[in-house]
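Reader: I would like to learn how to read packing and strand order in a model. Where do we start?

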Amino acid sequence: MAAQGFVFCALLLLIAHHVGADEVPFTEVVNAYQRNAVCLDGSAAGYHLASGYGDGAKNWIVYLKGGGWCEDNQACQRNKTTSVGSSRGINFVNLTGILNQSPDVNPDFYNWNRVYVIYCDQASFLGDSSIGQGVTQLDFRGSRIYDAVIDDLLAKGMNCADNAILAGRSAGGLATILHCDEFRARLPNASRVKCISDAGFFIRASDLPNADFRQGFYASIIKFHNLSSFLPRSCTERIDPNLCLFPEYFVGDVQTPLFLLNSAFDFYQIQNNLVPRTSPDWEKWNKGLLDLHNSPDAQKKLIKDFGMAFLNAIMELPDNPSRGLFIYPCFTHSVTTSTNDQQYTIDPFWNPNSTIKLENMNMLQAVSNWYFEDSSIKLIESFDFLQYC
């Protein structure tokens, strides 16, 4: 059986081809409709795959796209007509950042099998239910989507992987943490399997204003998508399950090596979670964020307090020697890929000349040393206020 497996893997490598073009086509998961691996609107889930080559032919990076969440019927009905709730109209994508095909931009992973998984369930790849009928039906099939994608990739050669990474940004970064151990379990023969969460560490910040709003928002996601049984049992059996989308309460239970790449001044969280968009003060709050130098002192203090709350949440995590940390002070959100509306010739953050450095090490060097050398990388900037990077 071992010999048969080797021959199968060898054949897969022979038929695999390198996608040299910048644009990578969309692939629906096999039997998506029969398996209920569908988006909010019922369209087929899928991914973009650029095949590896050379010494990267047996290495895989699976990247989970982000795109927020919908917490009620109104938000989900609105989002199901967009790219975060539907695959309709998705054709090609330019792979950027940690998925970039250029060795000059992405020297460690440019020739790996690079997979960009679309995000269209609005619950961080969790859940398996539906509500409504006809044009108002909403499918909450995140868990089925994730399982179907991994099954597809295993059949396409990932079961023969030497090295593998599960990564993601924002809501996909949260999903990366949630699925990390499961991903490792699906690759028992791989030499090295690790996970990278970019901007996926969303904090409760219980001592800051509007903590009830933050807790209520994520509790609404759990309730509306019927997620309770899909959350980490190590969390739900210990504390209120409504807190179990906040990574601070379950990262300590992740056994697979996990790298947390995050700004302590995460723009998304500061913009959307510190002051609710429904608040009459939100427009003023957002205006101040766009001109921080001239924003009120009270706003600057609250932002600084958020940064300290973020650092405290990180520092209070149970120690794990295999966990990597790169916590930086830039006023930004995700940095491992560019969003669809940010098409750069060179990725502004994920490139060897990145200006984001901690202890004279940029994020590419930190991730590389942690992943390939098993180095203990725990870089946390000590600062008084955020930086523009």
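Author: With one side chain, in a model that is predicted. Set aside the neighbours of F183 within four places in sequence. F183 is then in contact with V62, Y146, I150, M158, A164, I165, L166 and V193.

Reader: Which residues touch the most other members of the largest nonpolar core?

Author: M158 and F183, in a core of 85 residues. Helix α9, residues 297-315, gives the most to this core: 8 residues. A second, separate core has 32 residues, including Y63, F259, L261 and W350.

Reader: What span should α3 have, and what is the distance between its end C-alpha atoms?

Author: At 1.5 Å a residue, α3 (residues 142-155) should span 20 Å. Its end C-alpha atoms are 20 Å apart, which agrees. Just after α3, G157 takes a positive phi of about 125 degrees.

Reader: Now strands. What is the general idea?

Author: In a regular strand the side chains alternate between the two faces of the sheet. Here, look at β9, residues 192-198.

Reader: How many bridges join β8 to β9, and do they run parallel or antiparallel?

Author: 7 bridges, and they run parallel. A167 has I196 in β9 as its bridge partner. β8, helix α4 (residues 171-185) and β9 make a right-handed β-α-β unit. On to β10, residues 258-263: 4 bridges join β9 to this strand, again running parallel. There, D198 has L261 as its bridge partner.

Reader: Back to W350. Is W350 buried or exposed?

Author: Buried, because its relative accessibility is 2% and the cut-off for buried is under 20%. W350 sits in the loop between β11 and β12.

Reader: What does W350 meet from elsewhere in the sequence?

Author: Beyond four places in sequence, its contacts include G97, I98, F109, V335, M363 and V367. N106 is another contact, and a polar contact of 3.1 Å joins the side chains of W350 and N106. W350 and N100 are 250 residues apart in sequence, yet 9.3 Å apart in space, C-alpha to C-alpha.

Definitions and conventions
Residues numbered from 1 in each chain as written. Predicted model: local features only at pLDDT ≥ 70, side-chain atom pairs only at ≥ 80, totals over all residues. Heavy atoms only, no water. Core = buried A, V, L, I, M, F, W, Y, C linked by side-chain atoms within 4.5 Å. Buried < 20%, exposed > 50% of the residue type's maximum accessible area, 1.4 Å probe, protein only. Helix = DSSP H or I, 4+ residues; strand = E, 2+ residues; numbered from the N terminus. Contact = heavy atoms within 4.5 Å. Expected span 1.5 Å × (residues − 1). Polar contact = N/O pair within 3.5 Å; in protein donor to acceptor, adjacent residues only side chain to side chain. Pairing = 2+ DSSP bridges. Right-handed = clockwise from strand over helix to strand, strands pointing away.
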